[in-house]
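The following report describes a two-chain model by its secondary structure, overall dimensions and contact between chains.

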Amino acid sequence: METIRTKIEISGVATPPDARAREAVFEARGVSVFYGDQRAIDDVDIDIYRRLITAIIGPSGCGKSTFIRTLNRMTDLVPSARLTGELRYRGIDLYGPKVDPVEVRRRIGMVFQKPNPFPKSIYDNVAYGLRILGLKKDLDGRVEKALRAAALWDEVKDRLRDSALGLSGGQQQRLCIARAIAVEPEVILLDEPASALDPIATSAIEDLMHELKRDYTLVIVTHNMQQAARVADMTAFFGLDVSPDGSRQGVLVEYDETEKIFTNPSDKRTEGYVTGRFG
Amino acid sequence: MRDLYTSELEELEGILREEGKLVDRAIRGALNVLARDDLELADELIAFDDEIDSRYLTIEQRIPSLLARQTPVAGELRLVLAILYINLHLERVADYCVTVAKLAKLAHGLPRDAGVLEALEEMGERCREMLDTGLEYFYARDFTDSQALIDMDRPIDRANRKLIDRLIALGPDEPQREWAMRMMLVSRCLERVGDHAVDIGEQAAYLVRGRFEEFTDASHKTNIK
């Protein structure tokens, strides 16, 4: 009997992340974001879990990018932006008066849609953040570690002093990931990290994400639903609500294990979006 | 693209419906072969399996292509999987009908027993009803409970048991014993048809509810000895 049970567990595919073992890193409660008077996202409640990949999907304009930017206070950089509700990171109010946004962004890194290396050498791109933070001890070692973690080391180890701009798009994106992880963040936010890449480079980024979740919590915004299905443990679907006055705002429609979202979503709007019937 | 995809799904379901109707004709045909001891009809029925196989193969070949090109998800994924499995079940049922026809040929000319034939006819008709019910759940996407199918399956299992008792009672005459052995296999085929009908109902339930559940657990069946 015991042997049979073990066998079943080993052969079990697509085991959903054990709900009991989850630990919420972010807890959003009633989060709304406004740009001036315009409400971009409305009343979002969500827990984002440690060392899992969470994908945010939804149609254009539903507030996916706005939402992910609230997670490391990048929305602060937009003068008209305002957040209401409560957003806790490891139990601390992320928007509390004593919280330093720069420290937030060190702990919660971000990778953007278009690879944006600095016009410097490969080495300096990764070392940049470390130098700013004064982490100058064993700089070479830290740079190598970050490049290895970003699965780029073997490709660039012999040309670290070359310009980063000479790398391919996929390599540049992995360099940006190396730059993000060099400062040893806890969370990596990725906003459409592979949408400008070809399928091979995309696959490399997806493999990398899978590797990185051993040490980091990842949140990815993607338009590519198959990508969400492939890489994410949890998937949040954002949709658009139209108010009686015609204004539109993003709302969190459904949030569940990725397998559930793509085989048996609970909400008709999710079903419509993931099957491509609308949105 | 979306319209093309939808019409492809509808077309596949249309082929499955055709296949379902053909399989029902095959079961009816098998029952007639038995009742009339009709060799000619038996050969016709064996040849008729090609009709069913061609539908089966069409679906079997088109689904990988659909999966590769359209990557269905959610309800559409469940629909494609349900079509794939139901297709397989229907093809198996058709094969059992062919086996019945072949058994009838082997039993031709041997002494028959009216009581046994009546019981087989009864079993076969229950099988047709079950298959119809299972497929109807699927077509209507209106699956409410599994009890109807399980209830229909029970008389089949009981009839199968009764039949065995009756066959044993037929006595020591050798040709009669040979006929009895053939009919036991026929009974087994029909009983399996009922099981496939339950499986088809389970696929319909999966499509509607989004999770798979077995209606009855074969390893814990208590109603057959």
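## Helix α4 of chain B

Helix α4 of chain B covers residues 114–140, and its 27 residues, at 1.5 Å a residue, should span 39 Å; the end C-alpha atoms lie 39 Å apart, which agrees. The expected span is 1.5 Å times one less than the number of residues in the helix. Helices here are DSSP runs of H or I with at least four residues and strands are runs of E with at least two, both numbered from the N terminus. Directly after α4(B) comes Arg141(B), whose phi is positive, near 50°.

## Basis of the description

The model is predicted: local features need pLDDT of at least 70 and side-chain atom pairs count only at pLDDT 80 or more, while totals for chains, interfaces and linings use all residues. Residues are numbered from 1 along each chain as its sequence is written, and chains are lettered from A and ligands numbered from 1 in the order in which they are written.

## The two chains

Chain A contains eleven helices and ten strands. Chain B, by contrast, has six helices and zero strands, and its pattern along the sequence reads α-α-α-α-α-α.

For the 279 residues of chain A, a compact globule would have a radius of gyration near 19 Å, and the value of 20 Å agrees with this.

A residue is buried if 20 or more other C-beta atoms, placed from the backbone, lie within 10 Å of its own.

| Chain | Span of C-alpha trace | Buried residues |
|---|---|---|
| Chain A | about 60 × 55 × 35 Å | 42% of 279 residues |
| Chain B | about 65 × 40 × 25 Å | 37% of 225 residues |

Two residues are in contact if their C-beta atoms, placed from the backbone, lie within 7 Å. In chain A, 70% of the contacts with a separation of 6 or more join residues 24 or more positions apart. In chain B, 84% of the contacts between residues at least 6 apart in sequence join residues at least 24 apart.

## Contact between the chains

Nine residues from chain A and ten residues from chain B form the contact. On the side of chain A that touches chain B, α10 (258–263) and α11 (268–274) of chain A each supply at least two residues. By class, this side of chain A has three nonpolar, five polar and one charged residues. Ala, Val, Leu, Ile, Met, Phe, Trp, Tyr, Cys and Pro count as nonpolar, Asp, Glu, Lys and Arg as charged, and the others, Gly among them, as polar.

How values were computed: Rg over C-alpha atoms; globule rule 2.2 N^0.38 Å. Buried ≥ 20, exposed ≤ 12 C-beta atoms within 10 Å, placed from the backbone.
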